[in-house]
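Work through the exercises below with the sequence and the model side by side. Try each task before reading its solution.

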Amino acid sequence: MSGRTFLAGGRVIDPANGLDGVRTVVLEDGVVREVRAAAPSASERAAAEVVDCKGLLVLPGLVDLHVHLREPGEEGKETIASGARAAAAGGVTTVVAMPNTRPVCDSAGIARFVLSKAREAGRARVLPAGAITRGSLGEALADHAELKDAGCVVLTDDGRPVMNAAVMRRALEYARDLELPVMVHAEDLHLSCGGAMNEGPVATRLGLPGVPAAAEVAMVERDLLLAELTGAHLHIGHVSAAGSVRAIRAARARGVRVTAEATPHHFTLTDEAVAGSPSPIGPSGQAGEPYDTHAKMYPPLRSEADRQEIVRALADGVIDAIATDHAPHGPLDKEVEFVHAANGVVGLETSLSLSLSLVRAGALPLPRLVERLSWGPARCFGLPYGTLSPGAPADAIVVDPERAWTVEPRRFYSRSGNTPFAGWTLHGRVLRTFVEGKLVHELKEEE
Ligand SMILES: [Zn+2]
C-alpha cells in the first residue's frame, strides 16, 4: 500500500526535531511526507486513510538495540517472525538482533539469512549484529568487513565478554577503521563465576551466591580505556550498576566515544524482586514469589541505589537508549532451581509501558523518554530511523498513554512468556504501528 495515511490531531513528539505539539503526520510512499498543523481537508480525507489521533500520542517507531530472536537454532523460544510480530505489538519498528544464535552470526551467510527471514516476516525492521570473535569464543576475530558488507550494524559477542584485552583492543581497531560500533556485554567471568544474583544483603538473606557489581564495572572501565586508546566507538550494553554510570560519565567528559543503554527491568526492579518484594515503582503491593526465576538475568537486578543512578542517567543523557535485552526462554529453562535457571526476560511487549511509568513517577519528562526509545538509540548506531523528519522512513506509532492493561504472558505475540511483570497492570498501549507506511499492528478491541 503506497497510499497516503493521515495520523490526525494527536500529540506528536519527535525529539530529533525538538517537536512536541498537536499536529497531523502525513505518511506517503513509505516515508514521512510532512508533519503539519492543519487537519486533513475534506478532499484529502476522501482520498486517503485517516486515523483520528485526538487525545493520543503519535511517536516515531521505537528502536531497540538489543534483542535476542533465537533464530537460527532455538526456534522453540522465538523466531525472527514471532519476534518481529512481538516488536510490532510493542511499538518497536527497528530491532537489532543479537548474534548469539546457533550457529553464531559470525559470517555473512548467517547475517544474510537473518535479513531474508526478516523480509519474509515483515512487521519490523530487523538489523543483524555480527560477532566480534568467531563463535563468540573470545579468541580469533570474525571477519568484520564481511559482516559489515552483509548488513551488520554493530559488532558484539553479547551473552559473553571478550575476556582477552588484547583481542578486544584489536577488535576495536578494526571496528574503528570500518566505522562500526562495538557493543560490550561487560562481565568479568572470574568475578561473576558461580553467582546467580546481585551480591549484597538480599543474596545473603536468600542464601544465593552473588555477582558483585564490580564484575560489570571493572570490564566497563577496561573497555573505556581501550576505546580511548583506539579511538573506536564503544557501546555499553545493559548498564546495571551505578559504578558503570560513573565510569561512562567520566569517560565521556574526557572525550571517549561511548554510548550506552539500559533495560526496563533494571530501571523498574531491584534485587528485592528475587525475594518476591514489591518493586519501588511498580503497581503498589505488587509482589512476586521468592526465588522467582523470572527475576534472573545477566546482569542481575541490582540495588535501589543502582536503580536510581540508572534512572538519573536516562534523564541526563549519560545513558542514550532504552533497550530491552529481550531474551526468550522456555518453561524448561526457568522452572528449575534459581541457581540453575537460564538468564533473561522477554521485553518487547512491555518496554514502552514500563518506560512510561518513569514519566508517571516524575523521573523524566515525556519527550526525553521518547528520545531514549527512538532517536537516542538510532543515533547510537548512526541509523536513519526513530524520527518523523520529512523524508525519513514512515515508522510511526499511535499510543494511548492512559490505557490500562494487565500483562498476561500467554497473550504475548512472542513465543516465550518469561517475564517478571506477569499480572502487573501497566498504563500506555500501542494502538497502531506503521513500518515504512504499512500498518503492521493494530490493537484488537479485546486486548
Ligand atoms: Zn548481554
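**Exercise 1: a covered helix**

Helix α2 is followed by G91, whose phi is positive, near 85°. Helices here are DSSP runs of H or I of at least four residues, and strands are E runs of at least two, numbered from the N terminus. This is a predicted model, in which local features need pLDDT of at least 70 and side-chain atom pairs count only at pLDDT 80 or more, while totals for chains, interfaces and linings use all residues. Residues are numbered from 1 along each chain as its sequence is written, and side-chain values use heavy atoms, with hydrogens and water left out.

Task: find how many residues of helix α2 are buried, and what covers them.

Solution. Begin with the term: buried means under 20% relative accessible area, exposed over 50%, and partly exposed in between, with a 1.4 Å probe and protein chains only. By that rule nine of the ten residues of α2, which spans residues 80–89, are buried, among them I80, R85 and A89. Next, look for contacts, meaning heavy atoms within 4.5 Å; the cover over these buried residues includes β7 (92–97), α3 (108–121) and β17 (425–435).

**Exercise 2: a buried charge**

Task: locate E187 and determine which side chain makes a polar contact with the side chain of E187.

Solution. E187 lies in the loop between β10 (182–184) and α6 (189–192). E187 is buried yet has no salt bridge, and the nearest side chain of opposite charge, R160, is 7.9 Å away. For this step Lys and Arg count as positive and Asp and Glu as negative, with His and the chain ends not counted, and a salt bridge is a side-chain nitrogen of Lys or Arg within 4 Å of a carboxyl oxygen of Asp or Glu. The polar contact is with the side chain of H185, at 2.7 Å; such a contact is a pair of N or O atoms within 3.5 Å where, within protein, one must be able to donate a hydrogen and the other to accept it, and residues adjacent in sequence count only if both atoms are side-chain atoms.

**Exercise 3: a link across the chain**

Task: identify the residue with which E71 forms a salt bridge, and state where each partner lies.

Solution. E71 forms a salt bridge with K117, with the closest N and O atoms 3.7 Å apart. The pair links distant parts of the chain, since E71 sits in the loop between β6 (62–67) and α2 while K117 is in helix α3, 46 residues apart. E71 is buried, at a relative accessible area of 9%, whereas K117 is partly exposed, at 27%.
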